[in-house]
Amino acid sequence: MKRFGHHLKLLFSDKKPSQSQAKQLCRGFCQGTKVVSPNQDDLVMISPRIKLRDGRHLAYLERGVSKDVAKYKIIIVHGFGSSKEMNFLAPQELIDELGIYLLQYDRAGYGESDPNPKRSLKSEALDIQELADQLELGPQFYVIGVSMGSYATWSCLQYLPHRLAGLALIAPVINYKWPSLPKSLIREDYRRKLVQWARWLASYCPRLLHWWVTQKWLPSAAVIEKNPAFFNKSDIDILKTLPGFPMLTKDSLREQVVFDTLRHDWRVAFGKWEFDPLKLMNPFPHSTSSSVHIWQGYEDKVVPSQLQRFVSGKLPWIHYHEVPDGGHLIVYYRGLCEAILRALLLGQEYIAYKPNKSALFALNGVEDKCSCSREEDPTCRDHLTLPLHTPKD
């Protein structure tokens, strides 16, 4: 927090920051997230950006091997209050071994990217497509969405299925307005009521919401990060090693541009969708080398695993992985990013993350029976561990 306070002083001082100070501002915040000044042109942009058709700019960073020689090209979509600087902990040895190119970008209004006042489900997918086209990633690429960045990832399945080589959702949010979610499953979920209340305020009383979230008597972000109502023990241990969520602090939220970005992001994620994800078709019906994955923490207190299991049960073409002691921040758990990449790119699965089949389908009324002729039929998906699909040559 001391470091964050120092960045705020630099940002709001009357004196124009030097180039080194600007770099400090842009790189110093949690996962690269920074408070964007309304007079953004006064800051030196240090990340490359593309100009979209509508005139907006998207900032990005590239990791891994050169895209010219990469075997796998992956776009990572960050979540709520994060940025392109989020730590996707892929081992460098694995990146080099498999030839992985990683592209991380600031979604509209975050980091160094321009806001999109017309943000929608489709615009998020089209931003990804235009980013891939301008950087010449080729006809197909992989997409990994984290937490609330998953709504852009679901949008890719709806609007860009022909551009996908594979897709993974990590602790994806669930919209309680999806029509296929049974009322009996969500009626008593306290998170549903919180989401509805926050969305109503964001839509109809934004000034009241802005005033409310900046009041001193409300719990600070640091207190929330230690609250067992939101994070399990593993998450809280992880948060001790991270700078936290400075974009969600009262000082940051007082900036209208920051507040508006978060508000619009929330409204799109939890508003009425143009499509029902639970009725999406398999984008790879004839492919043996492409797949879709959901990674979920069993103890996630932001998105309950029971709902995620229901979604996966409704979409049997999705490979569902569950971290037994995982909370919402599983993307930061040691070894998880490697497991995610191996499952997505090579079709490998760690049996420790394979959920109990009867529990997975219990909420969908599917009888726990296996159609294979023997208990360990290697071709039966119910018993499959390695591989899940045939990796590309």
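# Cavities, salt bridges and buried residues in a predicted model

Biologist: How many cavities of 30 Å³ or more does a search of the whole structure find?
Modeller: This is a predicted model, and the answer rests on its atoms alone. When the whole structure is searched for cavities of 30 Å³ or more, the number found is two.

Biologist: Which helix gives the most to the lining of the second largest cavity?
Modeller: The second largest cavity has a volume of about 30 Å³, and its lining is made up of N175, Y176, K177, V195, Q196, R199 and F270. By class, this lining holds three nonpolar, two polar and two charged residues. With three residues, the element that gives the most to the lining is helix α7 (residues 190-204).

Biologist: Where is N116 found, and is N116 buried or exposed?
Modeller: N116 is found in the loop between β4 (100-105) and α4 (121-134). Buried means under 20% relative accessible area, and because the relative accessibility of N116 is 9%, N116 counts as buried.

Biologist: Which backbone nitrogen does the side chain of N116 reach?
Modeller: Leaving aside residues up to four places away in sequence, N116 touches R56, A108 and S123. The side chain of N116 also reaches a backbone nitrogen at 3.0 Å, and that nitrogen belongs to K118.

Biologist: Why is helix α13 (residues 305-314) described as largely enclosed by the rest of the structure?
Modeller: The buried residues of α13 are S305, L307, Q308, R309, F310, V311, S312 and G313. Helix α13 has ten residues, so the description as largely enclosed by the rest of the structure follows from the number that are buried, which is eight.

Biologist: How many salt bridges does a search of the whole structure find?
Modeller: One of the pairs is E62 and K67, whose side chains meet in a salt bridge at 3.4 Å, N to O, with E62 partly exposed at a relative accessible area of 40%. Over the whole structure, the number of salt bridges found is 19.

Biologist: What separation along helix α10 (residues 233-239) do D237 and K233 have?
Modeller: The side chains of D237 and K233 meet in a salt bridge at 3.1 Å, N to O. D237 counts as partly exposed at 33% relative accessibility, whereas K233 counts as exposed at 62%. Because D237 and K233 are four residues apart in helix α10, their separation is about one helical turn.

Biologist: Which residues do salt bridges that share partners join into one network?
Modeller: The pairs described above were taken one at a time, but salt bridges can also be followed from partner to partner. Where salt bridges share partners in this way, the residues joined into one network are R107, R119, E124 and D265.

Notes: Residues numbered from 1 in each chain as written. Predicted model: local features only at pLDDT ≥ 70, side-chain atom pairs only at ≥ 80, totals over all residues. Heavy atoms only, no water. Helix = DSSP H or I, 4+ residues; strand = E, 2+ residues; numbered from the N terminus. Buried < 20%, exposed > 50% of the residue type's maximum accessible area, 1.4 Å probe, protein only. Polar contact = N/O pair within 3.5 Å; in protein donor to acceptor, adjacent residues only side chain to side chain. Contact = heavy atoms within 4.5 Å. 1 Å grid on protein atoms, 1.4 Å probe; cavity = no way out; pocket = protein on both sides within 12 Å on 5 of 7 lines; lining within 4 Å. Points joined across faces, edges and corners; volume = space filled by probe spheres on them. Nonpolar A, V, L, I, M, F, W, Y, C, P; charged D, E, K, R; others polar. Salt bridge = Lys/Arg side-chain N within 4 Å of Asp/Glu carboxyl O.
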